[in-house]
Amino acid sequence: DTSGFATLDEALASGDAVVTEQGGEILRRSRDGRPIALPQTGGPSVNQLVLINRGKKPLVLLAGELVSGGKQDRIIGKDRIVPPGAKPLPLDVFCVEQGRWSAGSGFAAAKIMVHPSVREKAAVDQEQTEVWGAVSAGTTARTLPAPGAPPPPLNRESLNRVRSTDAPTESYAKLYKSGRVGAEVEPFVEEMQKRFVRAAASLKGERVVGVVVAYGGEVAWSDIFASPELFESYWPKLLRSYVVEALARPQTKERASLDDARAFLEPLTGRESTESEPGVYRWREVREGHYAAIELEALAPKPMTLHWLKVRRTS
């Protein structure tokens, strides 16, 4: 049962979560409901925002989720959980809007998950320059195109053309909502969703909690959640992110098999790193060869793996 958790999009839309630049003010509610302004020290920072959870539920944050506004659009840098009533949290983020550093509107739910090549650089590499590079390149995949295959429609050159007209500040949100890119992405999303619904409808006594994603013959990514409900809340923006990645990679007629997908889900046994907040969550990463897996475990009200991510590294 994951109904006791809130997603970032839900909390930002309802006002239960507030995100600001460092050095601004956050409104916090007193016990009688009165708003209290909490001034912050220090100036704005590219790689850090401040978040407060004003709601009654723990707030789930996933690496790669975009928050739009402020001086620059940013993405969440690492999976984590923010408990209700916690102090204003310095939040590690990465910028995905190079070229703008000016006052904008308050941060809002963008309902966007950056595509896997960018998300990998945030979640695994944890480097701002790597994130900017993946945004500019469209994809960091090293897959070679099949002989005679047409160039990918969202390669570096086409992204740069769109950026110069529709997204002059290199805004990720504007880039992938632009008419030229959207005309390629949306029909692909609609077709994939139709096929997904048909496949899910054929399941007997089972419900979908995640997906394994392949680009041509390469199984490259997976997102798995603790419940069908939690998966469904993320699915629309996850699907769009996978489609953007697919369009940016070289096209191929190869197809991954079900056995390839099963093999991809095998646990890793390599170098392990962990972080935790006692009584709230535990974050665990395992790297082995070309692969990395990240697990977000809630520790309350009972231990539960909320999200499990596995990626075939592109570098």
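I started with Glu 21, which forms a salt bridge with Arg 74, the closest N and O atoms being 2.9 Å apart (a side-chain nitrogen of Lys or Arg within 4 Å of a carboxyl oxygen of Asp or Glu). This is a predicted model, where local features need pLDDT of at least 70, side-chain atom pairs count only at pLDDT 80 or more, and totals for chains, interfaces and linings use all residues. Residues are numbered from 1 along each chain as its sequence is written, and side-chain values use heavy atoms, with hydrogens and water left out.

Glu 21 lies in strand S2 (residues 17-21) and Arg 74 in strand S8 (residues 74-76), so the pair ties together parts that are 53 residues apart in sequence. Strands are DSSP runs of E, at least two residues, and helices are runs of H or I, at least four, numbered from the N terminus.

Next I checked burial (buried is under 20% relative accessible area, exposed over 50%, partly exposed in between, with a 1.4 Å probe and protein chains only). Glu 21 is buried at 11%, and Arg 74 is buried at 0%.

I then looked at Arg 284 and Glu 272, whose side chains meet in a salt bridge of 3.2 Å, N to O. Arg 284 is in strand S15 and Glu 272 in strand S14 (residues 271-277), so this pair links parts twelve residues apart in sequence. Arg 284 is partly exposed at 23%, and Glu 272 is partly exposed at 43%.

My last pair was Glu 285 and Arg 287, with a salt bridge of 3.1 Å, N to O. Glu 285 is buried at 5%, whereas Arg 287 is partly exposed at 25%. I also noted one network, in which salt bridges that share partners join Glu 120, Lys 121, Asp 125, Glu 130 and Arg 313.
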